[in-house]
Amino acid sequence: MQRYTILWADDEIDLLKPHILFLQQRGYDITPVNNGAEAVELSESKHFDVVFLDEHMPGTSGLEALTQIKNSKPNLPVVMITKNEEERIMEEAIGAKIEDYLIKPINPSQILLSVKKILDNKRLVMEKTNLGYQQEFGKIGMALLDNMNHEQWADIYKKLIFWELQMDEADNHDMADVLESQKVEANTNFCRFIKKNYEGWLNNPNIERPLLSHQLIKKKVFPELQNNACTFLIVIDNLRYDQWKTLEPIIGEFYNIDQEETYYSILPTTTAYARNAIFSGMLPSEMERTHPDLWKGEDDDEGKNNFEEEFLARQLKRNNLNIKFSYHKIKQLEEGRNLADSVNNLFGNKLNVIVYNFVDMLSHARTDMAMIRELAPDEAAYRSITKSWFIHSPLLEIIKKIAEKKIKLIITTDHGTIRVKRPFKIVGDKSVNTNLRYKQGKNLGYEGDKVMEALKPERYFLPKQNVSTSYVFAIEDQFFAYPNNYNYYVNFYKDTFQHGGVSLEEMIIPVISLTSKNG
């Protein structure tokens, strides 16, 4: 077991010998000094894992020593010990980034607890995380054998993400491989569940089914318009549930979370299909039939999501909601800054919709840019880079400004992404779409049943280019690759984040209802 070194400065250090002996018996090496100046000098010349400083010492005081120690070694943990309970002293010490603050008289157990919090925290958290997941592992494994419904699948996914984030926080690699294997098993079973049930959800309104993309605004946004003077809906494109959990603590500084729920993205899990379904309140073939002037098919060169505002306007009208609303789509940094500067002008609207495309651009950039691929090689890094972007983004500024008013905020997304690892060979003609997770066309050639087929697109409410059009969706962590240029495809796209197919990550996505803490 590692032995830690502690520097302890107190002008009455001789009276603390029982405390020092108590720590030494538990494996800690103590260097005692009786003044602040010597503590500063020793901290600069020798290595210590933690420093105890008495606040009230003659000569160089504890606070003065603290400042000097932090100037030379800002990452060295310091515990301030004092008889003084004056608030000013506490604030000054906390402002200098102490790790703990103890009030005399202190007992050995207090000291030991403080040391363990600082020095053994990582190990103890890791051990607790391992034990907790080991206990949960069996329960999740048993659940995966059951015939679960859509709510139970969402719960399982949330549990897997919870443990993944716990292991991230503890920097815990001991059980990470086991968890990853269980996620793979869960995705395999989930894809079977979707293949079995998805068509029924769309065609039989009487069976139990999850909330789907085309129902989202009617079920989650329209009721708020009755209850609130102003509602904001922010759609962060391509935001996975685990990414939301990474952003949640930041947003939680300004908002109370009234409801954290999930819903299911329709197939294909792409912006063109899923997000248009959100704003139109319709499934893709219904959009094509009802709004032929707005729907753009696979063979259209025009952008597939250029008419979201008009889709929304028509959905509002269809539901007899004659309200004042705004719609903003943010695709570039400058657009976000401009909206942050002018967001106060929107508070007079009943509904304000903001589509923020950054996360989607990040996942696509990850495919195209070597630098982004280096920055986000796995899920943990992907979450980290999303959090870093969000902290410095105009979106956070917009969310803060909305929080200044008593306004309802709903945050959601249109679909998630999955890190693809296994290529699946498929053949198609030049008219087949380029997405790596689903293919639409005629005469699609592939072997085996490791895909989800929509041979009758009308049953999946998907448009048909011609009589023989079919759709094929990649499942689990697969991606489609053509036999010609096969090695290029595999090397270029393996371990990139893609969407369009069937997986927990792509289909089970967050919808969050929030109210401002200032309200």
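## Helix α10

Helix α10, spanning residues 271-280, is mostly covered, with 10 of its 10 residues buried. The buried positions are T271, A272, Y273, A274, R275, N276, A277, I278, F279 and S280. After α10 comes G281, which has a positive phi, near 70°.

## Model confidence

The structure is a predicted model. The average pLDDT of the chain is 89, and 93% of the residues score at least 70. Among the elements of the chain, the lowest mean pLDDT, 57, belongs to helix α14 (residues 358-368), and the highest, 98, to helix α19 (residues 504-507). Where pLDDT is low, predicted coordinates should not be read in detail.

## Packing of α9 and α16

Two packed helices are described by the angle between their axes and the distance between those axes. For helix α9 (residues 241-251) and helix α16 (residues 379-391), the angle is about 35° and the axes lie 9 Å apart. The crossing of α9 and α16 is right-handed.

On the α9 side, the contact is made by D242, Q243, T246, L247, I250 and I251; α16 contributes Y382, R383, T386, K387, F390 and I391. Sorted by class, the contact of α9 with α16 comprises six nonpolar, three polar and three charged residues.

## Cysteines

A search of the whole structure finds zero disulfides. C191 counts as buried because its relative accessibility is 1%, under the 20% cut-off. C230 likewise counts as buried, because its relative accessibility is 3%, under 20%.

Note on methods. Residues are numbered from 1 along each chain as its sequence is written. This is a predicted model: local features need pLDDT of at least 70, side-chain atom pairs count only at pLDDT 80 or more; totals for chains, interfaces and linings use all residues. Side-chain values use heavy atoms; hydrogens and water are left out. Axes are lines fitted to C-alpha atoms, for helices over the stretch in contact, and angles run from 0 to 180 degrees between N-to-C directions. Helices (H or I, at least four residues) and strands (E, at least two) are DSSP runs, numbered from the N terminus. A crossing is left-handed if the near helix is turned anticlockwise from the far one by less than a right angle, and right-handed if clockwise. Contact means heavy atoms within 4.5 Å. Ala, Val, Leu, Ile, Met, Phe, Trp, Tyr, Cys and Pro count as nonpolar, Asp, Glu, Lys and Arg as charged, and the others, Gly among them, as polar. pLDDT is the predictor's confidence in each residue, from 0 to 100. A disulfide is a pair of cysteine sulfur atoms within 2.5 Å. Buried means under 20% relative accessible area, exposed over 50%, partly exposed in between (1.4 Å probe, protein chains only).
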